[in-house]
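Hi,

Here is the structure I promised to pass on to you. Have a look at it first, and then read my notes below.

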Amino acid sequence: MPMLEGQVDAVIGVDTHRDTHAAAVLDPNGGLRATLEVSSDRSGHAGLFQLAEEQAPGRRVWALEGTGCYGAGLTRFLVNRGEWVVEIDRPTRPRGRHGAKSDVLDAIRAGREALARDHQTTPRQRGHREALRVLHTTRAGIVQAGADARRQLKALIVTAPEPLRDRLRGRPWRQQLRACAELVALPTDPIEYRATVRALALTAQRALAARQDAHQLEAELRQLIMAVAPALLTQPGIGPITAAQLLISWSHPGRLRSEAAFAMLAGAAPVPASSGQVVRHRLNRGGDRQLNRALHTIVMLRQVHHGPTRVYTSRRIAQGKSEREIRRCLKRTVARQLYRLLERTATNPAGS
């Protein structure tokens, strides 16, 4: 989306918080017309909309911070009324003694940031994309909790009384989980033995429950992906988890202006690192790190299981490229392929 110059008659910058929102109405040159602080509920949203109707009639754009967090409710409210909303990262504050800070000043900076940008970012969609994000985030937390439970179980086994330790150690971890979940202590057992058995049983049951919940959430993610972008799951190296992350970061057709912008978002765009007669690029450590992680997983799987990728890797190694440089090139290629696939085939089901 290009610069706002000549396209709008006013910009409303909004600094969003949990309990309140601060808004500033600016003219096309960044001059301040009006400010307002409201509560972050429907009555506050209506108050901001009324301010815009009075102070910014005609062509206007809303520049919001935190459209996926504290500003999510206001974003939905405005989009449902046909308003033009763009997403603004946290604006840079002036450095030094005069780097003043207030909610209204942040709202003014958000509006001026929108006016100064070459390209605008539309907020991510809700519906299926938000459902994917919620399930994906929940599964990640459950997987982490299950891993913590398994580590705790290992530590408990190491310090368990000798009879228990002899029964449990040396087994594969899944057998250990099932055996520990079925442990029962007798009232006549020593108190240390009873306490250890109780701890082992509860920890193992927690780990097993986490594993079952993670499998169930993965199945639900697969169903949502099949409704939105089934072609993703046919690509080599992509499963439900990485496909969900791709859709969460990409959001919807047209949000990102080009495959280069998608690569930059993913932290897969090459960064020049040349010096003298050496011409090279290095890894990009910015962008959406979870999206970058998904691309890294896809590349690593393709280097093992995908014939063309293995051939490419071997050829680049023969040319003297390092493993890191090869992965950087592959990430950029995968980002290009997936962006074009999503823009061409992804759908937005009714009711999203």
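V25 sits opposite A34, a residue of strand β3. Elsewhere in β3, S39 is the bridge partner of T20. Strand β2 (residues 20–26) pairs with β3 in the antiparallel sense, over seven bridges. (Two strands pair if DSSP finds at least two bridges between them. Strands are DSSP runs of E with at least two residues, helices are runs of H or I with at least four, and both are numbered from the N terminus.) β2 and β3 form a hairpin with five residues between them, and G30 in the turn has a positive phi of about 90°.

Before you go further: this is a predicted model, where local features need pLDDT of at least 70 and side-chain atom pairs count only at pLDDT 80 or more, while totals for chains, interfaces and linings use all residues. Residues are numbered from 1 along each chain as its sequence is written, and side-chain values use heavy atoms, leaving out hydrogens and water.

Now the whole sheet. It is open, with five strands in the order β3-β2-β1-β4-β5 and mixed pairing. At its edges are β3 (32–39) and β5 (85–88), each pairing on one side only. As a reminder, strands of a sheet pair through backbone hydrogen bonds, either parallel or antiparallel.

Which strands does helix α2 lie across? Helix α2 (residues 72–79) lies across β1 (10–16), β2, β4 (60–65) and β5, running at about 165° to β4. Helix α3 (residues 103–116) packs on the sheet too, touching β1, β2, β3, β4 and β5, and its direction makes about 135° with that of β1. (Contact means heavy atoms within 4.5 Å. Axes are lines fitted to C-alpha atoms, for helices over the stretch in contact, and angles run from 0 to 180 degrees between N-to-C directions.)

Further along, the axes of helix α8 (residues 240–250) and helix α12 (residues 323–345) come within 12 Å and cross at roughly 75°. The two helices are therefore roughly perpendicular to each other (that covers 65 to 115 degrees; under 35 is roughly parallel, over 145 roughly antiparallel, and the rest oblique). L246, L247 and W250 of α8 make the contact with L338, Y339, L342 and E343 of α12.

Finally, look at P253, in the loop between α8 and α9 (259–265). Not counting residues up to four places away in sequence, P253 touches E343 and A346. The C-alpha atoms of P253 and R344 are separated by 8.3 Å, though 91 residues apart along the chain.

Cheers
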